[in-house]
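Thank you for letting me take a few minutes of the meeting.

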Amino acid sequence: MREFIESLPKAELHLHIEGTLEPGLMFELASRNGIALRYPSVEALRAAYQFSDLQSFLDIYYEGAGVLQKREDFADMAMAYFRKASSQGLKHAEIFFDPQTHTSRGIKYETVVRGLREAQERAKSELGVTSALILCFLRHLSEDEAMLTLDEALPFRDAIVAVGLDSSERGHPPSKFARVFERARAEGLLAVAHAGEEGPPEYIWEALDILKVRRIDHGVRCIEDPRLVQRLVDEQIPLTVCPLSNVKLRVFDTLRDHNLKRLLDLGVKVTINSDDPAYFGGYIGENYVATADALALTQAEIETIAKNSFDASFV
Ligand code: ADE
Ligand code: ZN
């Protein structure tokens with residue numbers, strides 16, 4: 001099964017580049033940039049990766065991103081991701097980045113984007129992997145702050161294909177970002193949003209109707225609302241599901257309890273993605289293998305999911 005999955009061409013549509021920062025590289029960048037980490041070793045850092053929910057993860061994830069200072073730091077991190085995922089059959093990636101995590105520390109938007117673009121070009125020429133960037137707004141911050149971030153991004157408009165919405169979901173509904181998404185769409189950008197990971201089905205409705213997203217990131221809580229599931233099926237709106245993430249962040253108790261197979265059976269266009277692989281114990285290939293094992297997916301079902309990933313992509 002593993003060889004079959006690794007040889008299957010796949011696209012990844014839900015991947016936070018800051019979530020690919022492995023502990024080893026984090027220590028290397030900390031030392032390169034003269035930054036002290038709170039943990040004495042790679043092992044101690046890894047041991048801290050025990051999460052009770054989304055927020056407990058985000059706290060440690062934002063802290064880790066503090067070692068990223070220079071253009072080459074972003075390029076090195078992204079290149080490490082491309083190499084690893086490419087070895088597991090990745091052909092195309094649509095990659096989230098969180099500019100506010102960096103600009104709030106005094107790093108220029110341009111520095112982040114130049115580093116990521118450099119890695120994208122190398123991934124294409126050295127590995128044959130194509131990619132696009134999706135600018136995510138942090139939903140625990142205000143819409144005005146998101147608007148300022150869009151202002152910073154527009155001089156580099158061609159660097160991104162879409163805007164997205166991530167960070168703490170509960171209490172921060174998509175409707176909070178109606179104006180900034182409207183402006184981004186007017187600039188010709190596509191839209192996606194995290195919704196229905198920890199938040200209720202209502203947030204998925206809002207993402208569709210107010211933000212006018214083309215895909216829902218996670219979306220697994222749609223299952224609580226049969227009318228919503230019917231809409232996702234009728235309109236073939238893709239869900240970018242992240243199985244290992246959902247178990248690590250306690251959305252499901254175990255992978256066997258995951259609803260991906262039920263959604264697939266109902267006709268929802270599901271895809272499999274890694275979210276933050278350095279924190280959740282698996283890249284795209286490992287997410288496919290673990291999910292296929294736990295839910296007893298057939299080869300035909302796995303092929304459907306891989307095909308969905310290209311159908312759902314923006315290329
Ligand atoms: N940022 C990084 N990973 C995330 C996730 N799974 N949900 C929301 N925001 C995130
Ligand atoms: Zn995510």
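**From overall form to interior**

Please keep in mind throughout that what you see is a predicted model. Let me begin with contacts: if we take those between residues at least 6 apart in sequence in the protein chain, 77% of them join residues at least 24 apart.

As for secondary structure, the protein chain has 16 helices and eight strands. Its radius of gyration is 18 Å, which is close to the 20 Å that the globule rule gives for 315 residues, so the chain is as compact as a globular protein of that length. Along the principal axes, the C-alpha trace spans about 50 × 45 × 40 Å.

Now, how much of the chain is buried? Of the 315 residues, 58% are buried. In soluble globular proteins, nonpolar side chains tend to be buried together. Here, the largest nonpolar core has 101 residues, and those with the most contacts inside it are Tyr81, Phe82, Phe97 and Tyr279. Helix H5, which covers residues 71-86, gives the largest share of this core, namely seven residues. If we leave aside residues up to four places away in sequence, Phe82 touches several others, among them Ala93, Ile95, Ala119, Leu127 and Val129. Finally, there is a second, separate core of six residues, including Phe96, Ile134, Cys136 and Leu190.

Conventions: Residues are numbered from 1 along each chain as its sequence is written. Chains are lettered from A and ligands numbered from 1 in the order in which they are written. This is a predicted model: local features need pLDDT of at least 70, side-chain atom pairs count only at pLDDT 80 or more; totals for chains, interfaces and linings use all residues. Side-chain values use heavy atoms; hydrogens and water are left out. Helices (H or I, at least four residues) and strands (E, at least two) are DSSP runs, numbered from the N terminus. The radius of gyration is taken over C-alpha atoms; the globule rule is 2.2 Å times the number of residues to the power 0.38. Buried means under 20% relative accessible area, exposed over 50%, partly exposed in between (1.4 Å probe, protein chains only). Contact means heavy atoms within 4.5 Å. A nonpolar core is a set of buried Ala, Val, Leu, Ile, Met, Phe, Trp, Tyr and Cys residues joined through side-chain atoms within 4.5 Å.
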